[in-house]
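The structure is shown first.

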Amino acid sequence: MKRIARFEKVSRERFEADFADAFGPDGWEEAYGQVRIPRRATAGSAGYDFVTPVPICLKPGESVKIPTGIRAAMEAGWVLQIYPRSGLGFTYRLQMNNTVGIIDSDYYGSENEGHIFIKITNDSREGKEICLPAGSGFAQGIFVEFGITDDDDASDPRNGGFGSTGA
């Protein structure tokens with residue numbers, strides 16, 4: 001297997017600002033202490049488990065934007081794709097709001113330190129509420145190699161997250 005990336009925690013200052021945007025100004029220090037570097041559960045696992053730094057309870061139809069406290073440095077030519085943990089999707093219809101999160105290799109150097117946010121929705125059609133304690137795995141990231149076209153001439157630098165490329 002190729003070793004092409006590493007996960008890191010974002011700085012305390014970055015997490016504090018982003019946590020306040022998602023949950024308000026209180027509780028960020030305890031949540032920062034819950035941030036865990038994503039890990040694979042087994043040698044054959046493709047996905048790196050992301051954990052929630054705060055307890056989450058979602059009734060059917062409710063959503064939450066979770067600042068993970070994590071960023072990913074990876075080689076050019078790779079992308080980190082984020083999906084819900086399959087068991088949560090199967091049991092609760094836990095969905096990613098953008099279906100699949102795409103973390104580009106140049107996002108790491110962005111002004112927000114490449115902080116990965118994951119927005120999820122409980123799309124239960126059976127009335128099931130989902131509650132996850134802080135430190136629970138809720139999403140998984142898979143590194144995927146990609147190619148570009150022969151005539152590709154993209155050279156602009158990135159600075160930002162969602163919608164920052166103007167597309």
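Cysteine 131 is partly exposed, with a relative accessible area of 43%; partly exposed lies between buried, under 20%, and exposed, over 50% (1.4 Å probe, protein chains only). The model is predicted, so local features need pLDDT of at least 70 and side-chain atom pairs count only at pLDDT 80 or more, while totals for chains, interfaces and linings use all residues. Residues are numbered from 1 along each chain as its sequence is written, and side-chain values use heavy atoms, with hydrogens and water left out.

**Disulfide**
- Cysteine 131 is joined to cysteine 57 by a disulfide, S to S 2.1 Å (a pair of cysteine sulfur atoms within 2.5 Å).
- Cysteine 57 lies in strand β3 (residues 56-58) and cysteine 131 in strand β10 (residues 130-132), so the link ties together parts 74 residues apart in sequence; strands are DSSP runs (E, at least two), numbered from the N terminus.
- The link is right-handed, with 120 degrees about the S-S bond.
- Cysteine 57 is also partly exposed, at 45% relative accessible area.

**Nonpolar core**
- The largest nonpolar core has 34 residues, of which Phe50, Leu80, Ile118, Ile120 and Phe138 touch the most other members; such a core is a set of buried Ala, Val, Leu, Ile, Met, Phe, Trp, Tyr and Cys residues joined through side-chain atoms within 4.5 Å.
- Not counting residues up to four places away in sequence, phenylalanine 138 touches residues including Phe50, Ile66, Leu88, Ile118 and Leu132 (contact: heavy atoms within 4.5 Å).

Definitions and conventions: Helix = DSSP H or I, 4+ residues; strand = E, 2+ residues; numbered from the N terminus.
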